[in-house]
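Please walk me through this structure, one part at a time.

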Amino acid sequence: MTSTSRPRKQIHLAAHFPGVNNTTVWTDPRSKSQIDFGSFEHLARTAERGLFDFFFLAEGLRLREHKGRIHDLDVVGRPESLTVLNALAAVTDRLGLAATVNATFNEPYEIARRFASLDHLSGGRAAWNVVTSSDAFTGENFRRGGYLDRADRYTRAAEFVEVARELWDAGTERPFRHDGQHFTVEGDFGVARPPQGHPVVIQAGDSDEGREFAASAADVIFTRHGTLEAGRVFYADVKARLARYGREPDDLKIMPGVTFVLGDTAAEAQERAAEIRRQQVSPQNAILALEQIWGVDLSSYDPDGPLPDIDPVADSGLSQGRTHRGDVFEVAERWRELSRAKGLSIRQTVIETTSRQSFIGTPASVAAELDAFVQGDAADGFILVPHLTPGGLDGFVDEVVPLLQERGAFRTEYEGATLRSHLGLRTPAPHHGRILTHD
Ligand SMILES: Cc1cc2nc3c(=O)[nH]c(=O)nc-3n(C[C@H](O)[C@H](O)[C@H](O)COP(=O)(O)O)c2cc1C
């Protein structure tokens, strides 16, 4: 699979702190707080011990709701991400620190200032995952009475990043002025140009507009395309878009979010994976997952019994927040067919169809598989999503990282001090004395 004409690609690794997801196992006795600083610190220190490129925090601006109550799998009381990263900067040395912050509800001056500050405080380790958070339910937190049209989200996000970069370039050297479609701002930035020039920009949307935005403006893509086949197709698609913006394939790193389960033997890992799936999809959560599709109360159904015969109700409002699963009629039919074909109960169907683990096996087989993905151009690296907080990465760092190093596919020490250097990204030259104006 590895081409002989090019050097072995180096794998990039990031640690996702769980919390805005469906994968965390709460019932495991080793599961600890998802909001205490000690938990963030444990995962960050583990990632740094494993020489990871960066630590990653997602953003959930508003807790999901289900049947008028907070969604069972969401984390109440989680502190704001940039504040957490500033604290982590003080207890880590080299690890990149990435926060997801949406471009739909914020303003560029404030966000540029906060990421520049993190970049200074951490000595060049800041990264910003620019998301577009489209749903009106989330937008209500911001009292705008509505939200941006889907079509405008990426034009705003692209201009948002452009303005932020203009501000970073202006630093304390000169005033800035930007006159554009979404933003007309001018003044003095007041924070010196960040050590990385521009903090690393990550992008996570998957639509055509999202991919185009990434190709034009991002340094890293966080993607859900985590299988070998889908990863290769996505990788080729996005890398091919770069030339249009005068960029090289290496200027944009593709990192799918993936999960893993380790065992001493392949069979043990499979058994552990099955057990984790049963913990993730408790009987109660199986009904909840079904209700998110069907849009009606199904609490009278037996999780160990067959799927409902009734049709789903689209847009019933039963679930609010990021719970969208595509065309509910199509999903319901697909789930029913699977359940009929394999004789699966409600719970077994949900286990089969949602969030399976990506890499299951011995440390050696997982290391080989991760390496094959990267050498086979299905990814440039991975954002690892552990199912346990905060110790879920311990085994990976102790057992898999050394094997990746033995394969010559992963660093044995940090070579540089900044996140850009870990990712092999150039530091952008400042646009000296230029004041950009757009119409
Ligand atoms: C892998 C991945 C991770 C994402 N993480 C977040 C997140 O943490 N917070 C958030 O509000 N949106 C998140 N999003 C949502 C995207 O920012 C975007 O709003 C959504 O994917 C719709 O854009 P699209 O139509 O281009 O896919 C994520 C999307 C993807 C694909």
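Predicted model: local features only at pLDDT ≥ 70, side-chain atom pairs only at ≥ 80, totals over all residues.

A crossing of two helices has a hand: it is left-handed if the near helix is turned anticlockwise from the far one by less than a right angle, and right-handed if the turn is clockwise.

Helix α10 covers residues 328–342, and helix α11 covers residues 346–353. Their axes come within 10 Å and cross at roughly 115°. Angles of 65 to 115 degrees count as roughly perpendicular, so α10 is roughly perpendicular to α11. The hand comes next. Helix α10 passes α11 in a right-handed crossing. Why give both an angle and a distance? Two packed helices are described by the angle between their axes and by the distance between those axes.

Now turn to the ligand. Which residues are closest to it? They are Glu59, Tyr154, Ala204, Asp206 and Ser207, out of 15 residues that surround the ligand. Helix α5, residues 150–170, gives the largest share of the shell, with 3 residues.

For Ser207, a side-chain N or O atom is 2.5 Å from a ligand oxygen. For Tyr154, the corresponding distance to an oxygen atom of the ligand is 2.6 Å. Thr132 has a polar side-chain atom 3.1 Å from a ligand oxygen. How much of the ligand does the protein cover? On its own, the ligand has 610 Å² of accessible area, and the protein covers 87% of that.

Notes. Residues numbered from 1 in each chain as written. Heavy atoms only, no water. Near = heavy atom within 4 Å. Polar contact = N/O pair within 3.5 Å; in protein donor to acceptor, adjacent residues only side chain to side chain. Areas by Shrake-Rupley, 256 points an atom, 1.4 Å probe, with all protein chains shown as cover. Helix = DSSP H or I, 4+ residues; strand = E, 2+ residues; numbered from the N terminus. Axes fitted to C-alpha atoms, helices over the stretch in contact; angles between N-to-C directions. Parallel < 35°, antiparallel > 145°, perpendicular 65-115°, else oblique.
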